[in-house]
Amino acid sequence: LVVVCFIQLSFTFLAQNVESKADAYADNAVKVTAPAGLNSAQQVLFQDSVDQIKKVYRRNYLDSVAGLPIIDVWGLKDFYTYKFCRDHALSLGLDLKGGMSLIMEISEDDVLRKLSYNNRNQLFNQAIVNAKKEQKNSQADFLTIFKQEFEKLDKNAKLAAIFAPIENYQGKISITSSNDEVVNVLRKDFDAAIKNTFQVLKTRIDQFGVASPNISLQENTGRIILELPGVDDPARVRKLLQQTAQLEFWDTYETPEVINFLGDANTTLRASLAAKKEETA
């Protein structure tokens with residue numbers, strides 16, 4: 001038990017040691033003295049600016065050494081990197097370590113519009129607007145509220161007329177499907193879209209270098225609660241979480257286009273290794 005505890009605590013000690021070096025690096029990189037004649041408010045503003053610059057240097061230092069080995073223990077230096085030690089250090093919550101807590105809300109009305117391929121049906125869009133307002137005073141999920149508001153506007157209106165022609169729903173929704181049947185089909189895609197957004201946020205959180213972040217999805221609300229212990233750059237967090245994903249396409253070479261170059265590289269490498277071998281002999 002003592003050995004296990006020692007190994008667990010060693011991760012915390014090693015991670016803190018690297019972070020102490022990062023603090024020292026930032027202090028040495030930013031050595032400025034406050035100008036004379038500043039009043040109290042100006043001094044506070046000046047010190048805040050200096051601290052923000054130090055945080056940038058500290059973060060850059062930690063990012064640069066994240067994958068480097070801290071110590072070589074029994075040949076396991078690849079495991080004892082700062083990132084590995086930080087991820088396995090003792091978890092300190094917001095109450096002990098400080099950090100950032102925030103709530104993000106998925107635009108469920110936009111999700112529904114995208115599922116309908118931005119249908120311009122006036123009744124459909126008015127029901128979405130009404131459902132968004134009603135959701136503030138209801139515990140029901142957004143789709144249930146939307147269906148109720150849709151039928152309030154016109155009890156004879158059919159959601160099937162909007163979704164049945166869409167290619168993704170052919171075979172799932174027919175023109176004779178009831179509103180309940182349409183909502184049941186939509187719910188699967190609706191929930192999948194929300195969970196996909198949730199997974200994207202979890203992936204982005206890994207970029208912050210936060211140990212043991214807490215992220216949870218509140219059912220039927222579209223809200224995601226984030227707790228990020230140790231975060232000291234809220235602006236960076238907001239930027240990474242709010243940025244729009246971009247799909248990029250890159251031209252690639254076909255094998256016939258590069259095979260000759262690979263052959264030449266192989267020949268050159270073989271000759272170079274042979275020459276070094278002769279020199280050694």
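Biologist: Does asparagine 17 count as buried, partly exposed or exposed?
Modeller: The model is predicted, and local features in it need pLDDT of at least 70, side-chain atom pairs count only at pLDDT 80 or more, and totals for chains, interfaces and linings use all residues. Residues are numbered from 1 along each chain as its sequence is written, and side-chain values use heavy atoms, with hydrogens and water left out. Asparagine 17 lies in helix H1, residues 2-29, where a helix is a DSSP run (H or I, at least four residues) numbered from the N terminus. Because its relative accessibility is 31% and the classes are buried under 20%, exposed over 50% and partly exposed in between (1.4 Å probe, protein chains only), asparagine 17 counts as partly exposed.

Biologist: How many Å apart in space are asparagine 17 and proline 229?
Modeller: In sequence, asparagine 17 and proline 229 are separated by 212 residues. Taken C-alpha to C-alpha, their distance in space is 18 Å.

Biologist: Which residues of H7 are buried, and which helices do they pack against?
Modeller: Helix H7 covers residues 142-153, and its buried residues are Phe142, Leu143, Ile145, Phe146, Lys147, Glu149 and Phe150. Judged by contact, meaning heavy atoms within 4.5 Å, these buried residues pack against H5, H6 (122-134), H8 (160-163) and H9 (179-205).

Biologist: How far apart are the end C-alpha atoms of H7?
Modeller: The expected span of a helix is 1.5 Å times one less than its number of residues, so the 12 residues of H7 should span 16 Å.

Biologist: How are H5 and H7 oriented to each other, roughly perpendicular or roughly parallel?
Modeller: In H5 (residues 108-115), Glu108, Asp109 and Leu112 meet Phe142, Leu143 and Phe146 in H7. The axes of these two helices come within 11 Å and cross at roughly 70°, an axis being a line fitted to C-alpha atoms over the stretch in contact, with angles from 0 to 180 degrees between N-to-C directions. Angles under 35 degrees count as roughly parallel, over 145 as roughly antiparallel, 65 to 115 as roughly perpendicular and the rest as oblique, and H5 and H7 are therefore roughly perpendicular.

Biologist: What does the crossing angle make H6 in relation to H7?
Modeller: Several residues of H6, including Leu123, Phe124 and Ala127, meet residues of H7, among them Phe146, Phe150 and Leu153. The axes of H6 and H7 come within 8 Å and cross at roughly 125°. That angle makes H6, in relation to H7, oblique.

Biologist: And what does the crossing angle make H7 in relation to H9?
Modeller: Phe142, Leu143, Thr144, Lys147, Phe150 and Glu151 in H7 meet a set of H9 residues that includes Val183, Leu186 and Phe190. The axes of H7 and H9 come within 10 Å and cross at roughly 150°. That angle makes H7, in relation to H9, roughly antiparallel.

Biologist: What is the phi of tyrosine 117, and what is that of asparagine 118?
Modeller: Tyrosine 117 is found in the loop between H5 and H6, and asparagine 118 is found in the loop between H5 and H6 as well. Tyrosine 117 is exposed, with a relative accessible area of 56%, and asparagine 118 is exposed at 51%. Although neither is a glycine, each has a positive phi: for tyrosine 117 the value is near 55°, and for asparagine 118 it is about 55°.
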